Amino acid sequence: MKRAFLVVMDSVGIGGAPDADLFFNGDLPDTGANTVAHIAQACADGQAEEGRSGPLNLPVLDGLGLGAAVRLASGDDTPGLEATPTGLWGCAREHSRGKDTPSGHWELAGLPVPWDWHYFPDTVPAFPDDLSRAAAEAAGTEGILGNCHAPGTAIIERLGAEHMSTGWPICYTSADSVFQIAAHEESFGLDRLLAMCKALAPRLHGMKVGRVIARPFVGSPERGFTRTTNRKDFAILPPAPVLTNWVQDAGGRVHAIGKIGDIFSMQGIDTLSKGSDAELMRHLSALVDGAGDGSLIFANFVEFDTNFGHRRDISGYARALEWFDREIGEILKKLRPGDLLLLTADHGNDPSWRGTDHTREQAPVLIAGTGAGEIGRVNYADVAASIAHHLGVPSQGPGRSFL
């Protein structure tokens, strides 16, 4: 009997997307962006010394083939990541026309996005008047704050005090197809924030906006503000069955960890565990111990992206990768015969790049439990087909198994 663990290292791209010239950070195309390679190069050059030191140290991921996958995808140098792979490895290309969380995850789960997402213009105001009025009505306020493109932490620092004094929600967007609402968990109320997002979601989904995201925070103007782990994404429902449905329909159980439940609107999911990345790693470890035969465990570790990629923090991103490497090494020791663990990413977020947006990159495909060797260049949808093949589940998407 077999189990499959599909682990998405959110934004851990490896460069080389052939259509990167069509995606931008401001007016700079993503051509040449490479999250892993540029972090490794910065570490080797002594430019990532905050809270860590020296070359990027990822013995487990590199042993599975991370450095080799970067070089295959992009040809870029990977100082410190030069091991001979002991796992099955390659790189994957995305075909959906988006460099965002739903696009990447849906396609990894076997469903390329069948439409173009709606993006709000980088203007002030960013939202049409009728949408702003609907947001205020859903909040029970006379208006909204923000109404612009902004990094989440920055807009909370800028408008948090005004939000607490007026009670108006902070509404903002980014280069992704999102409508984000930040509100104080205590003065505004978490339940009220979630209800507001839920009320607005159908309208925004009808516009093909991918997600309405609740961004709760705590703190005060004197102490500063901090976002909490009670974030919730209200995502468009996938328009066709995906990997989670395939497994569940075949009688297997599907355990989601992190954002997976939100991304797929709980479709095909039996259990959900949320929390910080450290807490998610403990949930993953527990499921390695306890998940039944035929199970799919589908996890997303988001803090590479939210805490370090968007903030262009190379040292922080390197620290997060080194922490993950140590932790996933302990997970690998616990795998049973018949288990497959596949590590990949949904997009890039090069912390050395200009701007604050994701970067269009290929993703690593690193597999433990099925021997060693190069799978070459594959497609995101091939990941779902390969997981299905391993579990003996019929694949309903366009991908082909590389196992």
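Tutor: Axes are lines fitted to C-alpha atoms, for helices over the stretch in contact, and angles run from 0 to 180 degrees between N-to-C directions. Contact means heavy atoms within 4.5 Å, and helices are DSSP runs (H or I, at least four residues), as strands are (E, at least two), numbered from the N terminus. The model is predicted: local features need pLDDT of at least 70, side-chain atom pairs pLDDT 80 or more, while totals for chains, interfaces and linings use all residues. Residues are numbered from 1 along each chain, and side-chain values use heavy atoms, without hydrogens and water.

Student: At what angle do α5 and α7 cross?
Tutor: Their axes cross at roughly 145° and come within 9 Å. Among the residues making this contact are L131 and A135 of α5 and M196 and L200 of α7.

Student: What does D130 pair with?
Tutor: D130 forms a salt bridge (a side-chain nitrogen of Lys or Arg within 4 Å of a carboxyl oxygen of Asp or Glu) with R203, at 3.1 Å from N to O. D130 belongs to α5 and R203 to α7, 73 residues apart.

Student: Changing topic, is D262 buried or exposed?
Tutor: D262 is buried, at 5% relative accessible area. Its side chain meets K274 in a salt bridge of 3.1 Å, and K232 in another of 3.4 Å.

Note on methods: Buried < 20%, exposed > 50% of the residue type's maximum accessible area, 1.4 Å probe, protein only.
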